[in-house]
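Visitor: Could you walk me through this structure and tell me where its labels come from?
Guide: Gladly; here it is.

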Amino acid sequence: MRAVAREWRVSVIQFIKSDRWKVGEEKVAVQLGVEWLKGGDGFTWESPDLETSAGRARAAWALARGAIASGDYELVVLDEVTYPINYGWIDGAEVAAAIRERPARVNILATGRDAPAELVEVADTVTEMVKVRHAYDRGIGARRGIDF
């Protein structure tokens with residue numbers, strides 16, 4: 001939202017979420033001009049074919065790499081990119097190199113748990129969120145408007 005408010009061009013590439021996920025932040029972002037790509041096919045534990053999931057991640061990375069190198073965006077969000085790196089589906093060193101070699105005006109926001117060392121090394125800021133308490137642990141499922 002901050003980037004959009006500054007009239008930056010923004011691209012979001014999601015590496016895990018599929019077209020079946022309808023989330024509020026995507027709806028609003030697209031209305032505001034953010035380019036949004038869902039490259040995944042859903043949670044890995046629900047995937048009937050992990051090789052297809054891996055192929056989708058590689059295709060999403062090819063699009064993300066192009067978006068980064070193009071210099072057309074001031075912000076490129078690599079949503080949950082740590083998972084396909086850690087699964088060995090995309091090369092973490094290649095992701096780090098694309099970030100390191102990006103045009104000066106391009107900012108990258110990479111999300112996901114357990115960021116690999118090469119990603120942490122190239123990052124300006126690294127944040128780790130730690131769950132203290134979560135409704136799911138008490139049997140409360142994800143809620144529209146709160147969790148998605």
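Visitor: Where is Val95 found, and why is Val95 called buried or exposed?
Guide: Val95 is found in helix 5. Helices (H or I, at least four residues) and strands (E, at least two) are DSSP runs, numbered from the N terminus. Buried means under 20% relative accessible area, exposed over 50%, and partly exposed in between, with a 1.4 Å probe and protein chains only. Val95 has 0% relative accessibility, so Val95 counts as buried.

Visitor: Before we go on, what kind of model is this?
Guide: This is a predicted model, in which local features need pLDDT of at least 70 and side-chain atom pairs count only at pLDDT 80 or more, while totals for chains, interfaces and linings use all residues. Residues are numbered from 1 along each chain as its sequence is written, and side-chain values use heavy atoms, with hydrogens and water left out.

Visitor: Thanks! Which residues is Val95 in contact with, leaving aside neighbours within four places in sequence?
Guide: Contact means heavy atoms within 4.5 Å. With neighbours within four places in sequence left aside, Val95 is in contact with Trp61, Ile85, Ile90 and Leu119. As for Thr82, 13 residues from Val95 in sequence, the C-alpha to C-alpha distance between the two is 9.9 Å.

Visitor: What makes a set of residues a nonpolar core?
Guide: The term covers a set of buried Ala, Val, Leu, Ile, Met, Phe, Trp, Tyr and Cys residues joined through side-chain atoms within 4.5 Å. The largest one here has 20 residues, and those with the most contacts inside it are Phe15, Trp61, Val76 and Leu78. Two or more residues each come from helix 3 (50-70), strand 3 (75-79), helix 5 (92-100) and helix 6 (117-122). Helix 3 gives the most, with 5 residues. Apart from this core lies another, of 7 residues, among them Ala3, Val10, Ala29 and Leu75.

Visitor: Which residues does Phe15 touch, not counting those up to four places away in sequence?
Guide: The list for Phe15 includes Ala57, Ala60, Trp61, Ala64, Leu78 and Ile90. Asp79 and Glu80 are also among the residues that Phe15 touches.

Visitor: How do you know whether Asp79 is buried or exposed?
Guide: Asp79 has 13% relative accessibility, so Asp79 counts as buried. Asp79 is found in strand 3. Its contacts, leaving aside neighbours within four places in sequence, are Ile13, Gln14, Phe15, Lys17 and Thr111. Ile13 is 66 residues from Asp79 along the chain, yet their C-alpha atoms are separated by 5.9 Å.

Visitor: And why is Glu80 called buried or exposed?
Guide: The relative accessible area of Glu80 is 18%, so Glu80 is buried. The place of Glu80 is in the loop between strand 3 and helix 4 (82-86). Beyond four places in sequence, Glu80 is in contact with Phe15, Ile16, Lys17, Thr111 and Gly112.

Visitor: What about Glu7, buried or exposed?
Guide: Glu7 has 72% relative accessibility, so Glu7 counts as exposed. Glu7 sits in the loop between helix 1 (2-5) and strand 1 (10-14). Its phi is near 65°, a positive value in a residue other than glycine.

Visitor: And Asp114, buried or exposed?
Guide: Asp114 has a relative accessible area of 65%, so Asp114 is exposed. Asp114 is in the loop between strand 4 (107-110) and helix 6. Phi of Asp114 is near 55°, a positive value in a residue other than glycine.

Visitor: How do you know whether Asp124 is buried or exposed?
Guide: Relative accessibility is 75% for Asp124, so Asp124 counts as exposed. Asp124 lies in the segment after helix 6.

Visitor: Stepping back, how many helices and strands does the chain have, and why is the chain called as compact as a globular protein of that length?
Guide: The chain has 6 helices and 4 strands, running α-β-α-β-α-β-α-α-β-α from the N terminus on. The radius of gyration is taken over C-alpha atoms, and the globule rule is 2.2 Å times the number of residues to the power 0.38. For 148 residues the rule gives 15 Å and the chain has a radius of gyration of 16 Å, close to that value, so the chain is as compact as a globular protein of that length. Of the 148 residues, 38% count as buried.
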